[in-house]
Amino acid sequence: MRHHSPKLSHFTADHIVGLSPQMLDLKETLLKVAPRNSNVLITGESGTGKELFARALHAASLRRAGPFVKINCAAIPDTLVESELFGYEEGAFTGCRKGGQVGKLELAHRGTVFLDEVAELSCAMQAKLLRFLQEREIQKLGSRRTIFVDVRIVAATNVNLEQMVKYKKFREDLFYRLNVINLHIPPLRERKEDIPLLVDAFIQKFNLSFRAGVNGVAPEVMTAFLHYPWPGNVRELENCLERAFNLVDEEKVIQPHHLPAHLYALAGENRLPGEKGFPGQVTAAFRQGKTLAQIMEQIEKTVVLQALAESKGNKAKAAQLLGISRPGLYKKLIKYNLM
Ligand SMILES: Nc1ncnc2c1ncn2[C@@H]1O[C@H](COP(=O)(O)OP(=O)(O)OP(=O)(O)O)[C@@H](O)[C@H]1O
Ligand SMILES: [Mg+2]
């Protein structure tokens, strides 16, 4: 995130926070495919940044001066999708607008169409979209004239489209047309190194927009963040910090009691040394039948995570804190599934 809040339409790859190997890879692919015109399917759980990637793709493309038009396939009633996409002529049906309506596809001429939640398209609309992708022409409702439209389609979904194809809920031919390039954004829990960076970026952003002077999060908060599974991904982290901004006190440091209770509780389940006191935690581990080796591993994992948190994801610094080599740190990240 930059030091100013960019307009939604101005998001670029630089606004995608993340230095995990997966994110670096994704950004590289994004910049490589952006100038081409191939359709892109962005997949990933809710809140992983699919729309952010779609906007960055447009901004890095040769179409950046053209429009970016978003169509949320889940938000438009099935009966209106067609006129929304293709538009209609005046008098096409009773109750239609005077002068007709220009469809979103036509509006996006020379730009990018972002088809959000594309899995929600009805069978009939899937067929119509496929025809458009083959012919690159639209016919407004109530019109005989066809109009050539030059758009790039970026589609997004948080459901497994391949599964839907298998169960015949989504057309296979349309799937292949949309999925020329696939960008899969992994969930936040699979790229924990990005968490400290995102926390910093959001604190900067909210400090600006709320004119607050929050200095950061307490170490226990960062530990909780690193253990929590983040089912709502980056959006949930962003919301959680926004909430904390409203509760923070004079000290200007976000504390555990500024977090939603469920977050702290859930994070605690995966944790060994913590606020309950170390001996108590060990006793609890014994009760679960954990051996010395297993307990040591869990402690090691916690210590590694803490080092990553304190070095803000900088692996060289984390290795230095831990007094181990970088390759040694990488081995541990792989061992504990923290890559
Ligand atoms: N890597 C990132 N860096 C900075 N901000 C991010 C990142 N990923 C997501 N965000 C922010 O998190 C929020 C959610 O992202 P976005 O709307 O793109 O997710 P989504 O995948 O489209 O979610 P959904 O499936 O629920 O529509 C946005 O405010 C976005 O700016
Ligand atoms: Mg979205």
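Which residues of helix H14 (residues 315-322) are buried? Some notes on that and a few other spots follow.

1. Ground rules. This is a predicted model, where local features need pLDDT of at least 70 and side-chain atom pairs count only at pLDDT 80 or more, while totals for chains, interfaces and linings use all residues. Residues are numbered from 1 along each chain as its sequence is written, chains are lettered from A and ligands numbered from 1 in the order in which they are written, and side-chain values use heavy atoms, with hydrogens and water left out.

2. Lys315, Ala318 and Ala319 are the buried ones (buried is under 20% relative accessible area, exposed over 50%, partly exposed in between, with a 1.4 Å probe and protein chains only). They sit on the same side of H14, because their arc around the axis is only 100 degrees (taken from the directions from the helix axis to the C-beta atoms). Gln320 and Leu321, on the other side of H14, are exposed. Helices here are DSSP runs of H or I with at least four residues, strands are E runs of at least two, and both are numbered from the N terminus.

3. What lies over it. The cover on the buried residues of H14 includes helix H1 (21-33), helix H13 (292-310) and helix H15 (326-335); contact means heavy atoms within 4.5 Å.

4. H14 against H15. Their axes come within 9 Å and cross at roughly 95 degrees (lines fitted to C-alpha atoms, for helices over the stretch in contact, with angles from 0 to 180 degrees between N-to-C directions). H14 and H15 are therefore roughly perpendicular to each other, a label for 65 to 115 degrees; under 35 is roughly parallel, over 145 roughly antiparallel and the rest oblique. H14 brings Lys315, Ala316, Ala318, Ala319 and Leu322 to the contact, and H15 brings Arg326, Leu329, Tyr330 and Leu333.

5. Ends of H14. Asn314 caps the N-terminal end, with a side-chain oxygen 3.0 Å from the backbone nitrogen of Ala316. After H14 comes Gly323, with a positive phi near 70 degrees.

6. Helix H9 (residues 219-227). This one is mostly covered, with 7 of its 9 residues buried. Val221, Met222, Thr223, Ala224, Phe225, Leu226 and His227 are buried there.

7. Gln101, in strand E4 (residues 101-102), counts as buried at 18% relative accessibility. Gln126, in helix H5 (residues 123-135), is buried with a relative accessible area of 1%. Not counting residues up to four places away in sequence, Gln126 touches Leu121, Lys169, Phe170, Arg171 and Leu174.

Conventions:
Polar contact = N/O pair within 3.5 Å; in protein donor to acceptor, adjacent residues only side chain to side chain.
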